Amino acid sequence: MTRKTNFGAGPATLPTEVLQQLAAATISYGHTGLPLPELEHRGAPFAAILEECNALMRELCQIDNDYEVLWLHGGGRQQFCMVPMNFLTPDTTAAYIDSGYWAHEAMQYAAYYGQSATVASSAHTAYDRLPEWPATLPPNTAYLHLTTNNTIYGTQWHTLPAATAPLVADMSSDILSRQHNYRQYALFYAAAQKNLGLSGMAVAVIHRDMLAKANKNVPPLLSYAAQAREKSVVNTANITGVYASLLMLRWTKERGIDAIEAENAQKADLLYNHL
């Protein structure tokens, strides 16, 4: 059977074998005899899924237990909210690099929760390049936020900007797509539907030193600290979404980051040479 491919914005194409495994588990998961969506979200089978997801994220990103791995409801926009909710205070400023549509929107969300500042931007050239760096950060900068890969515009950070503030990254479109030093970040996050599974959820990986700075007056569902304490199960988790991410992480490990990066470079060359 010929499979159609969606090249539009939104959910990316999942490997056929991942879809087949997900379909089988939806009918009956492992030895439980239960459909995957009906698993108890605080039960042992789902706890094992979360544990393997976390271990694979740490392995593939080459990070250690100094980082918490959180599987959260909502996509990238919810992370646009959660970052300033958790880390902005009345006497600090969030610094943003405006390198495209999503970077600009993240900055706009931050303004709902406190002071935010654009410290570098390429809006004046219609985002046809990355903003010039270095730039001056405001006093008492809580964090510097960037978007590692700017869809629509085709720009990607290969050398991250050096900054004295904790670095926070939206990696929705290029997480696990290439070899990368994830230890440069205090926090990085990604909407799952590009490289990690299904829409409607996100992964956030946060260093414990950054987590210790989180605001205390945040509702538990939107609190990184509360999510870490409850191992991503503050409320009923997106069990199917997390399992789809586990299948993608297994697939990524089996393929290898080097092979995935080489294939992505080949696809990019084909596209850009055609254009």
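The model is predicted: local features need pLDDT of at least 70, side-chain atom pairs count only at pLDDT 80 or more, and totals for chains, interfaces and linings use all residues. Residues are numbered from 1 along each chain as its sequence is written, and side-chain values use heavy atoms, with hydrogens and water left out. Helices (H or I, at least four residues) and strands (E, at least two) are DSSP runs, numbered from the N terminus. Buried means under 20% relative accessible area, exposed over 50%, and partly exposed in between (1.4 Å probe, protein chains only).

**Second largest pocket**

- Pockets and cavities come from a 1 Å grid over the protein atoms alone. A pocket is an open set of points with protein on both sides within 12 Å along at least five of seven lines. In a cavity, a 1.4 Å probe fits but cannot get out. Lining residues have an atom within 4 Å of a point.
- Grid points are joined across faces, edges and corners, and a volume is the space filled by probe spheres set on the points.
- The second largest pocket holds about 350 Å³ of space. It has 18 lining residues, and Leu50, Asn54, Glu230, Lys231 and Ser232 are the closest to its centre.
- Helix 2 (44-61), strand 1 (67-73) and helix 6 (224-229) each give two or more residues to this lining. Helix 2 gives the most, with five residues.
- By class, the pocket lining has six nonpolar, five polar and seven charged residues. Here Ala, Val, Leu, Ile, Met, Phe, Trp, Tyr, Cys and Pro count as nonpolar, Asp, Glu, Lys and Arg as charged, and the others, Gly among them, as polar.

**Largest cavity**

- The count comes to one cavity of 30 Å³ or more. The largest cavity has a volume of about 50 Å³.
- Its lining is made up of Phe46, Trp71, Leu72, His73, Met201, Ser232, Ala237, Asn238 and Val242. Strand 1 gives the most to this lining, with three residues.
- Six of the cavity-lining residues are nonpolar, three are polar and none is charged.
- Ala237 lies in the loop between helix 6 and helix 7. Ala237 counts as buried, at 14% relative accessibility.
- Ala237 and Phe46 are 191 residues apart in sequence, and their C-alpha atoms are 9.4 Å apart in space.

- All six residues of strand 2 (residues 93-98) are buried. Thr93, Ala95 and Ile97 cover one side, and Ala94, Tyr96 and Asp98 are on the other.
- Two strands pair if DSSP finds at least two bridges between them.
- Strand 2 pairs with strand 3 (residues 115-121) in the parallel sense over six bridges. Thr93 has Gln115 as its bridge partner in strand 3, and Asp98 stands opposite Ser121.
- Strand 2 also runs parallel to strand 4 (residues 141-147), joined by four bridges. Thr141 is the bridge partner of Thr93 in strand 4.
- Strand 2, helix 4 (residues 101-110) and strand 3 form a right-handed β-α-β unit. Right-handed means that, with the strands pointing away from the viewer, the path from the first strand over the helix to the second runs clockwise.

- The expected span of a helix is 1.5 Å times one less than its number of residues.
- Helix 3 (residues 76-87) has 12 residues and should span 16 Å; its end C-alpha atoms are 17 Å apart, which agrees.
- Helix 7 (residues 239-255) has 17 residues and reaches 24 Å from first C-alpha to last, close to the expected 24 Å.
- The buried residues include Ile239, Val242, Leu246 and Trp251.
- Arg250 is also in helix 7. Arg250 is partly exposed, with a relative accessible area of 34%.
- Arg250 and Ala162 are 88 residues apart in sequence and 33 Å apart in space, C-alpha to C-alpha.
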